[in-house]
Amino acid sequence: MGGPVVLGIESSCDETGAGIVQDGRLLAHVVATSMDEHARFGGVVPEIAARAHLHSFNPVVRQALDRAGLRIGQIDAVAVTTGPGLSGALQVGLAGAKSVAYAAGVPLYGVHHLAGHVAADTLEHGPLPDPCVVLIVSGGHTSLLLVRDLVREPILHLGDTLDDAAGECFDKVARILGLPYPGGPAIDRAARSGDPKAVAFPRPLTRPGDDPYAFSFSGLKTAAARWVERHVQRGEEVPVADGAAALQEAVADVLTRKALAACRAHDVKTLIVVGGVAANSRVRALAEKRCASAGIELRVPPMTLCTDNGAMIAAVGDLLVRSGAEPAPLDVSIDPSAPLEYAALTPLARSAVRVA
């Protein structure tokens, strides 16, 4: 007999994910995305996302169980994202997860979305080294973390984004360049035929005296917009491939430069890069090159585990169950703007909070 079987549910944005994990092993992993429905709007529309989660929840959970060869009665715990994310989307996932947990008669665990991204790496490479530096890069988050025991100890933030996250910068510049949504993959594809040295885009917060671990990509986005405007004003065709390649190089340079500096400063020998932007080919390649030169081990999850998915939430749930953590209370709610302090996230419904 193996350890507890944990079903993980993710619905923080535009992906409905269900994953099943047992003893750190991924048994099943299913994702339904509503990305195509948002593409014509150039970004995620919260109401459309919530409606898509309602339609996808049951089929996704059923498929995950089928792929794992399990029945609902064989699940030992349910873990669900309770924040951060879109309020309506989170509510759908939590309501569904509560229903499954109640029907199966098993405990429910609330999980911080970003802790899920960190735990995704364990499904490919095993337990996290203690300590390790984690670089989270996604559409809404860019953070450098010092992680020891993911589910037992507080997570130390070395630096966070001050404005636009890396993925947000990609999305906005892609729109300026006339590339489709989502911008990250579009920028990556366009950059393949471009010259990364064609445009001298700035490297924000990398000058002496700047916060060594903080990120800021708003200025980079503005620099790209001005570069496009100059071509348009002169009546010239915008060299999209060169712009995409130069932008991608600037983002990858800043991300990896700061991540390696954090590893050196804290004498950490392992860098873990997670989140949707970890799927970017240049971010991966430059991280590999710089880690190899510095003698630092680089761990990056497979592409399918970089974007939002239920497997990563199940991975955190699995760690919480095996650590003996207390399940979430029955009145657990959501926190759409929850800071990352601990892997477990169990905010109470407002009606349950007593006013002093």
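## Strand 5

Strand 5 (residues 108-112) is mostly covered, with five of its five residues buried. Buried means under 20% relative accessible area (1.4 Å probe, protein chains only). L108, G110 and H112 are buried on one side, Y109 and V111 on the other. Strands are DSSP E runs of at least two residues, helices H or I runs of at least four, numbered from the N terminus.

This is a predicted model: local features need pLDDT of at least 70, side-chain atom pairs count only at pLDDT 80 or more, and totals for chains, interfaces and linings use all residues. Residues are numbered from 1 along each chain as its sequence is written, and side-chain values use heavy atoms, without hydrogens and water.

## Pairing with strand 4

Strand 4 (residues 77-83) pairs with strand 5 in the parallel sense over five bridges; pairing takes at least two DSSP bridges. T81 stands opposite V111.

## Largest pocket

The largest pocket holds about 1,000 Å³ of space. A pocket is an open set of points on a 1 Å grid where a 1.4 Å probe fits, with protein on both sides within 12 Å along at least five of seven lines; lining residues have an atom within 4 Å of a point. Volume is the space filled by probe spheres set on the points.

Its lining has 37 residues; S138, G139, G140, D171 and Y181 lie nearest the centre. Helix 6 gives the largest share, six residues.

## Second largest pocket

The second largest pocket has a volume of about 350 Å³. Of its 17 lining residues, T122, P127, L128, L319 and R322 are closest to its centre. Helix 11 supplies the largest share, five residues.

Definitions and conventions
Buried means under 20% relative accessible area, exposed over 50%, partly exposed in between (1.4 Å probe, protein chains only).
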